[in-house]
Amino acid sequence: MSEQPRFVPLVDPRPDAQAWPSAIWPPSSEAVLTNEFIELRPSRVEDAAELFAALDHDSVWAHVAGRPADVDAMVRLIEWKRAEPTWFPWTVRLVAPLAGLAAGTVVGTSSYLETSPNDARTEIGSTTYSPAVWASAVNPSAKLLLLQFAFESLKMSRVQLKTDVRNARSQAAIARLGATCEGLIHQYQRRADGTIRDTVLFSIVDTQWPSVRDGLTARLRG
């Protein structure tokens with residue numbers, strides 16, 4: 001019987017790390033994040049009908065559990081997210097016409113979630129967009145706005161992003177942001193079909209943020 005390879009403990013890559021203050025949480029309910037493409041405002045139950053219309057496509061929920069069956073279910077989902085102390089959902093609207101959609105159209109949602117203010121950590125996720133704006137400026141714009149607000153206003157040290165290992169499109173999109181892939185979390189979360197998914201974990205930390213910001217800004221200008 002062969003012996004298992006001896007485990008070699010990891011070494012602290014930041015032995016001189018300085019104390020970091022707690023993050024600012026929650027964001028203001030009046031916060032507005034905007035650029036030339038989109039506007040993000042805290043989600044309200046009044047957004048439910050527009051969100052349901054934008055997201056009521058099988059392809060949107062192929063790798064995301066919890067699809068609302070109707071507008072009332074979307075209302076309950078928004079209420080649930082708003083009530084969770086570690087969550088903060090945003091509604092995404094266009095500020096200029098795009099992909100045949102008028103300015104002011106709701107095109108999706110994204111959230112901060114699993115936030116730990118004491119650890120200065122949050123996650124960007126629960127992100128869904130109308131297929132009409134896939135592969136457009138919407139997702140990089142939203143990520144730039146949410147990352148900038150997290151690092152520069154909320155004073156986060158780390159922002160993480162996760163996706164289903166089966167969702168190759170999402171993995172590629174997160175990698176294009178400049179996030180670091182930290183590996184696979186095995187058997188982490190239940191899918192809508194009842195199977196337990198493996199989850200790919202990405203992160204951006206404060207020292208990486210300036211280069212990520214510059215890369216996303218250049219990408220949107222191009």
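Contact here means heavy atoms within 4.5 Å. The structure is a predicted model, in which local features need pLDDT of at least 70 and side-chain atom pairs count only at pLDDT 80 or more, while totals for chains, interfaces and linings use all residues. Residues are numbered from 1 along each chain as its sequence is written, and side-chain values use heavy atoms, with hydrogens and water left out.

Leaving aside neighbours within four places in sequence, Gly-108 is in contact with Leu-51, Leu-55, Trp-90, Thr-91, Val-92, Thr-128 and Tyr-129. Gly-108 sits in strand E4, residues 106–116 (helices, H or I, of at least four residues and strands, E, of at least two are DSSP runs, numbered from the N terminus). With a relative accessible area of 0%, Gly-108 is buried (buried means under 20% relative accessible area, exposed over 50%, and partly exposed in between, using a 1.4 Å probe and protein chains only). Asn-139 is 31 residues away from Gly-108 along the chain, yet their C-alpha atoms are separated by 9.5 Å.

Next up is Lys-81, part of helix H2, which covers residues 71–83. Lys-81 is buried but has no salt bridge, and the nearest side chain of opposite charge, Asp-47, is 11 Å away. For charge, Lys and Arg count as positive and Asp and Glu as negative, with His and the chain ends not counted. A salt bridge is a side-chain nitrogen of Lys or Arg within 4 Å of a carboxyl oxygen of Asp or Glu. Not counting residues up to four places away in sequence, Lys-81 touches Trp-87, Pro-89, Ser-111 and Ser-126.

Now for a pair of helices. Two packed helices are described by the angle between their axes and the distance between the axes. Helix H3 (residues 138–153) packs with helix H5 (residues 209–221) at an angle of about 150 degrees, and their axes are 10 Å apart. Axes are lines fitted to C-alpha atoms, for helices over the stretch in contact, and angles run from 0 to 180 degrees between N-to-C directions. H3 and H5 are therefore roughly antiparallel to each other (angles under 35 degrees count as roughly parallel, over 145 as roughly antiparallel, 65 to 115 as roughly perpendicular and the rest as oblique). On the H3 side, the residues that meet H5 include Leu-144, Leu-147 and Phe-151, and among their counterparts in H5 are Val-212, Leu-216 and Leu-220.

The structure holds 13 salt bridges. In one of them, Asp-58 pairs with Arg-67, the closest N and O atoms being 2.6 Å apart. Asp-58 is exposed, at 60% relative accessible area, whereas Arg-67 is partly exposed, at 34%. Another salt bridge joins Arg-158 and Glu-182, whose closest N and O atoms are 2.9 Å apart. That pair links distant parts of the chain, with Arg-158 in strand E6 (residues 158–164) and Glu-182 in strand E7 (residues 180–190), 24 residues apart. Arg-158 is buried, at 18%, while Glu-182 is partly exposed, at 42%.
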